[in-house]
Amino acid sequence: MPAQGTKVPVQRGEQLLDAAVRYAEERHWDVCPGTWLETVDGAERCSCGDTGCASPGAHPTGPDWVGHATGSGVAARRMWTEQPKASILLPTGRAFDAIDVPESAGFLALARMERMNLPLGPVTRTPGRRMFFLVLPGAAARTEELVRKLGWRPSTIDLVGHGDGHCVTAPPTRVGGHGAVQWARRPTAANRWLPGVEEVISPLAYACARETADARARLS
């Protein structure tokens, strides 16, 4: 029998329903249906009704969204059968937390961590040019302290930890006309066991600080 999680990488052309069920059944992640895209007068709009929505078709449906999350593949299939276009949200603070960094810093950190043979979990890449590194739960509460010990403040280097009450938008969710969320590092059997935040925070913070400094230099 193949190890759990080995089938998750199938993404190209995959339907949202199939992906949501696979996350629940193969990775044991809770999934929650979010908003979706609707065509109104020939234009795509978010189901929330806000014409100026910052994340069209890819955000929670309301303040009680966490209560609709499920780890059941059967329940996920029912939810996405009822609304096949719903985005896939993965609540943080349960199976994992997420460290959110700019895409440029994320790729820099990935390259460095691979050279150092550091343990890595799955990493998402959004059309908004952000990357989310999945780590063991509890990371969000420790992120600020750990970054400060390294000599920086998370807010000044654009590094954010997401835990209870937050979520990660999962592939293959499409965000308005901006494109689809993708895996920068796919879930596999090899990265089923997530790293702790202390194992990845140094290269992530370093990369964010370097990108922040470079951006300031370009403006000067």
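## Overall fold

The chain folds into 6 helices and 12 strands, where helices (H or I, at least four residues) and strands (E, at least two) are DSSP runs numbered from the N terminus. The radius of gyration is 17 Å, close to the 17 Å that the globule rule gives for 220 residues, so the chain is as compact as a globular protein of that length. That radius is taken over C-alpha atoms, and the globule rule is 2.2 Å times the number of residues to the power 0.38. Along its principal axes, the C-alpha trace spans about 50 × 50 × 30 Å.

A word on ground rules: this is a predicted model, so local features need pLDDT of at least 70 and side-chain atom pairs count only at pLDDT 80 or more, while totals for chains, interfaces and linings use all residues. Residues are numbered from 1 along each chain as its sequence is written, and side-chain values use heavy atoms, with hydrogens and water left out.

## Surface, burial and charge

Of the 220 residues, 47% are buried; here buried means under 20% relative accessible area, exposed over 50%, and partly exposed in between (1.4 Å probe, protein chains only). The accessible surface comes to about 11,000 Å² (Shrake-Rupley, 1.4 Å probe), and carbon and sulfur atoms hold 51% of that area.

Take the contacts with a sequence separation of 6 or more: 77% of them link residues 24 or more positions apart, with contact meaning heavy atoms within 4.5 Å. On the charge side, there are 25 positive and 23 negative side chains, and the centres of the two sets sit 6 Å apart. Lys and Arg count as positive and Asp and Glu as negative, leaving out His and the chain ends; each charge is placed at NZ of Lys, CZ of Arg, CG of Asp or CD of Glu.

## Nonpolar cores

The largest nonpolar core has 24 residues, and those touching the most other members are Ile-99, Val-101, Met-113, Phe-133, Ile-157, Leu-159 and Leu-204. Such a core is a set of buried Ala, Val, Leu, Ile, Met, Phe, Trp, Tyr and Cys residues joined through side-chain atoms within 4.5 Å. Two or more residues each come from strand 5 (97-102), helix 3 (103-115), strand 7 (130-135), helix 4 (139-149) and helix 6 (197-219). Helix 6 gives the largest share, 8 residues. Apart from this core lies another, of 22 residues, including Val-21, Ala-76, Ala-86 and Leu-134.

Not counting residues up to four places away in sequence, Phe-133 touches Asp-97, Ala-98, Ile-99, Val-101, Gly-106, Leu-110, Met-113, Leu-120, Pro-122, Val-123 and Leu-204.

## Leu-108 on helix 3

Leu-108 sits in helix 3 and is partly exposed, at 25% relative accessible area. Leaving aside neighbours within four places in sequence, Leu-108 is in contact with Ala-207, Arg-210 and Glu-211.

Most residues other than glycine have a negative phi, and most peptide bonds are trans. Against that background, a cis peptide bond joins Pro-171 and Pro-172, with omega about 0°. Pro-172 belongs to the loop between strand 9 (167-169) and strand 10 (174-175).

Positive phi values turn up in loops too. His-28 has phi near 60° in the loop between helix 1 (16-26) and strand 1 (32-33), and is partly exposed at 45%. Asn-117, with phi near 55°, lies in the loop between helix 3 and strand 6 (123-125) and is exposed, at 68% relative accessible area.
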